[in-house]
Amino acid sequence: MTAASHSETNSERWGLIAGNGRFPFLVLEGARSQGIEMAVIAIREEAAPELERAAKHLHWVSLGELSRTIELLHEDGVTRAVMAGQVKHNKIFSSIKPDLRLAKLLLTLPLKNTDSLIGAVARVLESEGIELVDSTAFLGPLVPAPGVLTRRAPDAEEAADIAYGRQIARQIAGLDLGQTVVVRDRACVAIEAMEGTDETIERAARITGGARLVVVKVSKPGQDMRFDVPVVGLPTIEVMKRSNATALAIDGDRTLLFDRERLIEMADAAGIAIEAFAPEGTDASLEPAARVENR
């Protein structure tokens, strides 16, 4: 998405396809700060009931109701949409009850993974005149640039584990298996699969019995910022503290930090170092789309 002026942004009708967690609420707040009230399509199996109070205009759909979702977006005159909030991987391919349109789409997928499915849905939306936009479009301040984010930088041992972990994590992310690894003394203790970052850290802590750990989370090669963007929130810092994970490495410009200020404060209080790194192989063609700036 190219940078939009305030008047251009307000002249369009925006939609939000909402999954679970705080991400949809943050998008609504960011859009509202620009004078934009989004039409919300909330996924019944995932989205929080509180969204009904946060959104002025909301429809509930079940996971798999692609035709209904498109119909509702058209009824609301939506031309640009954002996907925000997780849909659990195990639900996408085990619990989903697809309508006819989605069932046909699933048959065409070369790979049965989240990126393949959501990428195909994005193409269907675009064929219907609905552009799927960078999910961080209204959340610029929550996406840090490369650099040390906490008072403390990683020490020499942590930096060595981070360098090793980033090599491993990039390989795993490239295979679309997960985006987080947990490292101890240049050995990979745990690799994320479908369980998510926090459970991966907890598993690593059980394996090592409380030894000091380093957590590395990366974006995928050519990360599509329209969906499945790496996210770190307060619960991850809490899990790290309990698990004696003393440093966190993320990709700058490609990772969302929910409650960024409080998150950094919590990390500082726990003595956790957080550093954002330039994504490997960064070039202009892979840069995140320009965001709608806060005004």
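Reader: What covers the buried residues of H10 in this predicted model?

Author: The cover includes helices H9 (197–208) and H11, along with strands E9 (213–217), E10 (231–232), E11 (245–251) and E13 (273–277).

Reader: Which residues of H10 are called buried, and what makes them so?

Author: Leu234, Thr236, Ile237, Val239, Met240 and Ser243. Buried means under 20% relative accessible area, so each of these falls below that cut-off.

Reader: Why are H10 and H11 called roughly parallel?

Author: The axes of H10 (residues 234–243) and H11 (residues 260–270) cross at roughly 10°. Angles under 35 degrees count as roughly parallel. H10 and H11 therefore qualify. Their axes come within 9 Å.

Reader: Which residues make that contact?

Author: H10 supplies Leu234, Ile237, Glu238 and Lys241. H11 supplies Arg262, Leu263, Met266, Ala267 and Ala270. By class, the contact has 6 nonpolar, 3 charged and no polar residues.

Reader: What makes E3 and E5 edge strands?

Author: E3 (57–61) and E5 (131–132) each pair on one side only. The open sheet has 5 strands in the order E3-E2-E1-E4-E5, with parallel pairing.

Reader: How do you know that E1 and E4 pair?

Author: Pairing needs at least two bridges. E1 (residues 14–18) and E4 (residues 80–84) are joined by 5 bridges, so they count as paired. Ile17, for one, has Met83 of E4 as its bridge partner.

Reader: Where does H4 lie?

Author: H4 (residues 66–75) lies across E1, E2 (39–43) and E3. H4 runs at about 165° to E3.

Notes: Residues are numbered from 1 along each chain as its sequence is written. This is a predicted model: local features need pLDDT of at least 70, side-chain atom pairs count only at pLDDT 80 or more; totals for chains, interfaces and linings use all residues. Side-chain values use heavy atoms; hydrogens and water are left out. Axes are lines fitted to C-alpha atoms, for helices over the stretch in contact, and angles run from 0 to 180 degrees between N-to-C directions. Helices (H or I, at least four residues) and strands (E, at least two) are DSSP runs, numbered from the N terminus. Angles under 35 degrees count as roughly parallel, over 145 as roughly antiparallel, 65 to 115 as roughly perpendicular and the rest as oblique. Contact means heavy atoms within 4.5 Å. Ala, Val, Leu, Ile, Met, Phe, Trp, Tyr, Cys and Pro count as nonpolar, Asp, Glu, Lys and Arg as charged, and the others, Gly among them, as polar. Buried means under 20% relative accessible area, exposed over 50%, partly exposed in between (1.4 Å probe, protein chains only).
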